[in-house]
Structure formats: structure tokens, C-alpha cells
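Subject: Structure handover

Hello,

Please find the structure below, with its sequence. My notes on it follow.

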Amino acid sequence: MLTRHTDTPPTPRSTDTPRRSLLRAAVVGTAATAGLGLAGAGAGAATHAPQPRPRPATPAEALEELAAGNRRWRTFKERHPDETQAVRRELVSSQHPFALILGCIDSRVPPELAFDQGLGDLMTVRSAGEVLDEAVLGSVAYGVLELGIPLVMVLGHQSCGAVTAAVQADQTGDPLPAHIQYLADQIRPAIDHGQQGDARIDATIDANVALVRGRLNAEPDLAAKVASGELAIVGARYELTTQLVHTLA
């Protein structure tokens, strides 16, 4: 079960700058353009404004909601929330995701399914082995600094292919093809040489989550949010055998 945080920091509020206003305008404008077809299709539906949905506003509330969704997922009691026509219309003009999941590209670990969340609930950033580069860092920073997301989860998973490739390349010394070598180089510092065989791969999966989480915590803008209590950056792991997500120390 996901660990619950007990602190309840204040909801982040910041004064818009011209740069932030421009970013928000660009996102809203793109969403509005993409949603024209949907708006036309729903013209005959009820015209009353959708009721505001309660959103987790603190790191603890966000983590609790993810835990509840994962319980539904692994017990086959999914609700498939926030997929209605009203929600789709609402999301044309704005978005308020309550958590950002930095996960692996593995097709067996889709965050919206694993946490039983719907449209507009999660911002997901995915790269093989949760590897960070400037694009990934910028995406995480956007979610936190521009959208006020209170929780970032670095989500590793059982039997990670990227970690396996990095460990095997480290053992053999053989180069990996093309840009896959970059992934291995980024994961290599997390390799647990105190383990052997499959145990080394498994331990490195956890160590890699900790490494990525540490790098995010070291980013000055994110660190300031963590220090103020507005943001939590947690590490977690998804077990393919049980579908359980559990936090890592």
C-alpha cells in the first residue's frame, strides 16, 4: 500500500508572470482548437455548466487518492472516473491534474490504468527506465511550476527492460545500439554491484528510482517547493505479478 504523508501544506498560489501567462495561453489555445469537433458533437447535450470536481490539493491527499485508485485496479473494482462528456467539455478550457507520474515506457504499466484515474487527473511523463534528460526535466517542471501539481511520483516497475539492458551491458562491456546506450549510461550509477544475477537487476530497479528522485529533489525550483511543503517527490514501484504500487524509502 502506498505510504501516506501526514503533513498538509497549503495549496500553492503564485502570481502570474508574462511568461507563465503566455505558456498557459498556448496550452489552452491548443486544447480549444483540438476540442472543436467534440464541442460540436455534444451540442445537443445538457447546457448547464459541469459541477467542479473535488481535487486533491496537498501531497498527502494526492498520495491517498493514488493509493485508493491502485486498490481498485488490483481488485478489479475500477470506476474509470472522469470520462464523461461533461468532463471532456470542461477539459477543453483548462486542466488541473493532481499528480505527475514519471514512469517507464513499458506497455504493461500505464499510470492512468494502474491508479484508476481519468481525463485530466494525472500528468504522465514516460521514458525508458524513468531516465531524465532536459525534455523530461522540463516536462516535470512545467507540471509543478505552471500547473501547481503537489505530487511527483517516480514510478519504477518489476522486470524493467531498460534496467536489465543497462545491467547486462555493464557486465559484458558490449555497447548497446544507437541511443539505447544513453539510457544505460544514465542508469549505470544505480547498478547494485553487491547483488548477483536477477537480484542485481531487481535491486537496481529500486536504486534507479532513488537516483532519479534524488536528482529531481536537487533541482532548485522543485527543492524550494518541497521545502515549503507545497510539493512531495516520492519513489514507488509497480509489481507486475500483483499490480500493487508501493512506495520506496
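Strand E3 is covered on both faces: Leu 151, Met 153, Leu 155 and His 157 on one side, and Val 152, Val 154 and Gly 156 on the other, are all buried. Buried here means under 20% relative accessible area, exposed means over 50%, and partly exposed lies in between (1.4 Å probe, protein chains only). Helices (H or I, at least four residues) and strands (E, at least two) are DSSP runs, numbered from the N terminus. Since seven of the seven residues of E3 are buried, E3 is largely enclosed by the rest of the structure.

Before the rest, the basis of these notes. This is a predicted model, in which local features need pLDDT of at least 70 and side-chain atom pairs count only at pLDDT 80 or more, while totals for chains, interfaces and linings use all residues. Residues are numbered from 1 along each chain as its sequence is written, and side-chain values use heavy atoms, with hydrogens and water left out.

The sheet

Five strands make up an open sheet with mixed pairing, in the order E2-E1-E3-E4-E5. E2 and E5 are its edge strands, each pairing on one side only. Two strands are taken to pair if DSSP finds at least two bridges between them. On average, neighbouring strands of this sheet are turned by 30 degrees against each other, direction ignored. Angles run from 0 to 180 degrees between N-to-C directions, and axes are lines fitted to C-alpha atoms, for helices over the stretch in contact.

Helix H6 packs on the sheet, where H6 touches E1, E2 and E3; the direction of H6 makes about 170 degrees with that of E2. Contact means heavy atoms within 4.5 Å.

E1 and E3 are parallel and share four bridges. Two of the facing pairs are Leu 100 with Val 152 in E3 and Gly 103 with Leu 155 in E3. E3 also runs parallel to E4, to which seven bridges join it. Here Val 154 faces Gly 235 in E4, and Leu 155 faces Ala 236 in E4.

E4 has seven of its seven residues buried, so E4 too is largely enclosed by the rest of the structure. Ala 232, Val 234, Ala 236 and Tyr 238 point one way from E4, while Ile 233, Gly 235 and Arg 237 point the other way, and all are buried. On to the next strand: E4 and E5 pair in the antiparallel sense over four bridges, with Arg 237 opposite His 246 in E5. These two strands form a hairpin with six residues between them, and Gln 243 in the turn has a positive phi of about 65 degrees.

A second residue with positive phi is Ala 178, a residue other than glycine with phi near 45 degrees. Ala 178 sits in the loop between helix H7 (161-172) and helix H8 (180-187). Its relative accessibility is 69%, so Ala 178 counts as exposed.

The cores

A nonpolar core is a set of buried Ala, Val, Leu, Ile, Met, Phe, Trp, Tyr and Cys residues joined through side-chain atoms within 4.5 Å. The largest has 21 residues, of which Leu 100, Leu 102, Leu 132, Val 140, Val 152, Leu 216 and Leu 222 touch the most other members. At least two residues of this core come from each of strand E1 (99-103), strand E2 (122-126), helix H6 (134-146), strand E3 (151-157) and helix H9 (197-217). H6 gives the largest share, six residues. Apart from this core lies another, of 18 residues, including Ala 62, Ile 101, Val 109 and Leu 155.

Leu 100 lies in strand E1 and, at 0% relative accessibility, counts as buried. Not counting residues up to four places away in sequence, Leu 100 touches residues including Met 123, Val 125, Val 140, Leu 151 and Val 152. The C-alpha atoms of Leu 100 and Leu 151 are 6.2 Å apart, although 51 residues separate the two along the chain. For Leu 222, leaving aside neighbours within four places in sequence, the contacts are Val 140, Ala 141, Val 144, Leu 216, Leu 231 and Ile 233.

The axes of H7 and H9 come within 9 Å and cross at roughly 115 degrees. The contact involves Val 163, Thr 164, Val 167 and Gln 171 of H7, and Arg 200, Ile 201, Thr 204, Ile 205 and Asn 208 of H9.

Regards
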